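The notes below are in the order I made them.

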Amino acid sequence: MYAQAWLPNQDRRLFTVETPCGFRRIQTQSGRISRPVEPSLTLHPIGHIRSPKQVKFQARHQPTEGEPERSVLELLPGHNYETALRDLSRFSKVWLIWWFHRNSNWKPLVLPPRGPAIRRGVFATRSPHRPNPLGLSTVNLIGVERRRLILGACDLVDGTPVFDIKPYIASYDAFPEASGGWCEDLDQNLVAPPSHFVEWTPLAQMQADWLFQVWQIDFRSRLVELLERDPTPHRTRRIRRRGDGEQLEIGCGAWRARFHVRGDQVTVLWLEPGYPRRFLTDPARDILPDREAQLAFLERWPPVPEGTKTPSMGTNPPSMG
Ligand SMILES: C[S@@+](CC[C@H](N)C(=O)[O-])C[C@H]1O[C@@H](n2cnc3c(N)ncnc32)[C@H](O)[C@@H]1O
């Protein structure tokens, strides 16, 4: 388990102690030294997040305080974590250190979702694709109930393993004057007026209204926010060319919107479910967001064949029921 710690000849070893942190403490005639003995570190989760967000695209890129949502961090029993939580409840925010357990790879360069399609060094981003896939989030702490932490909005998906909790201490952790690197350029772009105008066909409008009124699913403002700033293909913004390349598609949660761009005008042509019917009816696929809504949508608006320029308004009468 532990690698050999080599000592120069003059260090005559009296005794060694293996510490839990992966160091071997060595007492020699010339003093005590600590050597790392393990090139890797095994971490054990202290608990898991319970969140309404089941899949990655449902989670925000960073926690958003404006969202009314609640998440719960359930700590594991049998470790006396109840006692370790003592004194935490008077802090209004905590740091969570957690594992991007749904990722299996890392990349030196990544494409951040915001801003122009420029790849950045992963260490200059908050991307999940890291050599050690550790996430770091500040979240509002609403309450502590024995081994459960009631939290505000999180950017962690349901089931995410959490390794550590630390109090957020503004006098240590907040440096509003610190420079924000390439993110500062984005902030400046966000205050600039949008470059495109977004319009909806009557069909797309009807589908969006139906989703909202019947299923309380609403991604219209997020869609417009993304398309009016930059409707060009972008992997992490989930925009890609379709068919002959004139049409594009953007992913919005579990849904897709087909659109085209003419000059500074973006036209949202129609919406469609993100999953094919065969997935939606497969009981083995247990985590499919908006499953019922997607099936009902397909009943009402069957899949649009590739190459269609303007689909019909739907096979069923356009009532909202
Ligand atoms: C951009 S990362 C930022 C995470 C953290 N705030 C940080 O800065 O380290 C947030 C994204 O991670 C993804 N995510 C959340 N939980 C995850 C998990 N358990 N495994 C992999 N990806 C996850 C979601 O797609 C979410 O939008």
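I worked on a predicted model, where local features need pLDDT of at least 70, side-chain atom pairs count only at pLDDT 80 or more, and totals for chains, interfaces and linings use all residues. Residues are numbered from 1 along each chain as its sequence is written.

**Whole chain.** I listed seven helices and 16 strands in the chain; helices (H or I, at least four residues) and strands (E, at least two) are DSSP runs, numbered from the N terminus. Of the 321 residues, 21% count as buried. For burial I used C-beta atoms placed from the backbone: a residue is buried with 20 or more other C-beta atoms within 10 Å of its own, exposed with 12 or fewer, and partly exposed in between. Among contacts between residues at least 6 apart in sequence, 61% join residues at least 24 apart.

**Strand E10.** Strands pair if DSSP finds at least two bridges between them. E5 (residues 71-75) is antiparallel to E10, with four bridges, and Val72 has Ile150 as its bridge partner. E9 (residues 134-145) also joins E10 by four bridges and runs antiparallel to E10; there Val144 is partnered with Leu149. E9 and E10 make a hairpin with two residues between them, and Arg146 in the turn has a positive phi of about 55 degrees.

**Helix H4.** I checked the length of H4 first: its 14 residues should span 20 Å at 1.5 Å a residue, and the end C-alpha atoms are 19 Å apart, which agrees. The expected span is 1.5 Å times one less than the number of residues. The buried residues of H4 are Leu203, Ala204, Gln207, Ala208, Trp210 and Leu211. They sit on the same side of H4 because they cover an arc of only 155 degrees around the axis; the arc is that of the directions from the helix axis to the C-beta atoms. Pro202 and Gln213 are exposed on the other side of H4. The cover over the buried residues of H4 includes E12, H5, E15, E16 and helix H7 (291-300).

**Helix H5.** In H5 (residues 220-229) I found Arg220, Leu223, Leu226 and Leu227 buried. Their arc of only 135 degrees around the axis puts them on the same side of H5. Ser221 and Arg222 are exposed on the other side.

**Cores.** I defined a nonpolar core as a set of buried Ala, Val, Leu, Ile, Met, Phe, Trp, Tyr and Cys residues joined through C-beta atoms within 7 Å. The largest has 24 residues, of which Ala204, Ile250, Ala257 and Phe259 touch the most other members. H4, H5, E14, E15 and E16 each supply at least two residues of this core. A second, separate core of 16 residues includes Ile46, Val94, Val139 and Leu151.

**Arg238.** I placed Arg238 in the loop between H5 and strand E13 (239-242). Arg238 counts as partly exposed because it has 17 C-beta neighbours inside 10 Å. Not counting residues up to four places away in sequence, Arg238 touches Ile250 and Gly251.

Technical notes
Contact = placed C-beta atoms within 7 Å.
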